[in-house]
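Here is a short tour for someone meeting this protein model for the first time. Have a look at the picture, then read on.

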Amino acid sequence: MPELPDVEVFKRYVDSTSLHQNIDTIEVKDKRILRNASARELERDLKGSKFESSKRHGKYLFVELGSGGWLLLHFGMTGSLQYYKNAEDEPPHARFVITFANGYHLAFDDQRMFGKVDLIGDPDSFVESENLGPDPLALDFPGFRERLEGKRGAIKATLMNQSVLVGIGNIYSDEILFQARIHPDTRAVELDEEALKRLFDETQRVLHEAIEHGADPGDLPDSFLLPRRREGEECPRSNGKIKKIKAAGRTAYYCPACQPKK
Ligand SMILES: [Zn+2]
């Protein structure tokens, strides 16, 4: 499922392929991908316009339209983008396809259809109306600490709570907690200042490192958990075996030796 690093990679992909080109046509190939806007409204706002810039907030990507307003892309479980020239290179689950005046296409591909496409007025109002927390990469330590302060739930669930912080999901919460050496069931309110600082530092480092590696968990350095996130695998620190437990209604992977329960 795309998390913050994946969506940052999509943002850079849009920036490097699709900005400042005239949009010739759009095609909604499956209407289930639409959130509120109709296919007709998308056509009205996009056709003849251009993408001027893009912004990311957590797992949400916003693309600014020259005609005013923004295109919203949310990648759900299996969403991705593909820029290509020849029709035969269209990805197999393209749901929404934009064709530029230069003959190239940008497709929103989404096999399982939990992704969404929409038109919104502006990103800040959208973030507020959806009650989304701040993007963790936009926070300094005091801001991060303030988000977690007094939270009584387990830290893994708190990191994944999109009204606390936006963009961290099941995969990267495991990595962040492994790097910070915190058990996933630890209650956020039990973390002392030193543990919170470690958690903040590792959140920044893990997300930046993942972006640098193209958001491919398997491509992360050997000191990371994600390339071997399977039960019974040797811990990257060679002090035990990776275990899985249910946490926050999801499967958490962690090392009992590195992340002891307090
Ligand atoms: Zn370990």
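## Ground rules

Contact here means heavy atoms within 4.5 Å. Helices (H or I, at least four residues) and strands (E, at least two) are DSSP runs, numbered from the N terminus. Axes are lines fitted to C-alpha atoms, for helices over the stretch in contact, and angles run from 0 to 180 degrees between N-to-C directions.

This is a predicted model, where local features need pLDDT of at least 70, side-chain atom pairs count only at pLDDT 80 or more, and totals for chains, interfaces and linings use all residues. Residues are numbered from 1 along each chain as its sequence is written, and side-chain values use heavy atoms, with hydrogens and water left out.

## The sheet and its helices

Let's start with the open sheet: four strands, in the order β2-β3-β4-β8, with antiparallel pairing. Two strands pair if DSSP finds at least two bridges between them. β2 and β8 (116–120) sit at the edges with a single partner strand each, so one side of each has no neighbour in the sheet. On average, neighbouring strands are turned by 20° against each other, direction ignored. Between β2 and β3 there are six bridges, and Phe51 stands opposite Leu65 in β3.

Helix α1 lies across β2 and β3, at about 170° to β2. Helix α2 (residues 39–46) lies across β2, β3, β4 (70–74) and β8, and runs at about 55° to β8.

## A closer look at Ile120

Ile120 is found in strand β8. With 12% relative accessibility, Ile120 counts as buried. Leaving out residues up to four places away in sequence, Ile120 touches Phe62, Gly69, Trp70, Leu72 and Phe126.

## The zinc site

What holds the zinc ion? Its protein donors are Cys235 (SG), Asn239 (OD1), Cys255 (SG) and Cys258 (SG), at 2.1 to 2.3 Å. Donors are N, O and S atoms within 2.8 Å of the metal (3.2 Å for Na, K and Ca); water is not among the atoms, so sites may look incomplete. In sequence, the donor residues follow the spacing C-x3-N-x15-C-x2-C.

The angles of 97 to 114° between the four donor atoms make the arrangement tetrahedral, a label for four donors whose angles all lie between 85 and 135 degrees. Cys235 is buried at 0% relative accessibility, while Asn239 is partly exposed at 35%.

Definitions and conventions: Tetrahedral: all angles 85-135°; square planar, octahedral: opposite > 155°, others 65-115°. Buried < 20%, exposed > 50% of the residue type's maximum accessible area, 1.4 Å probe, protein only.
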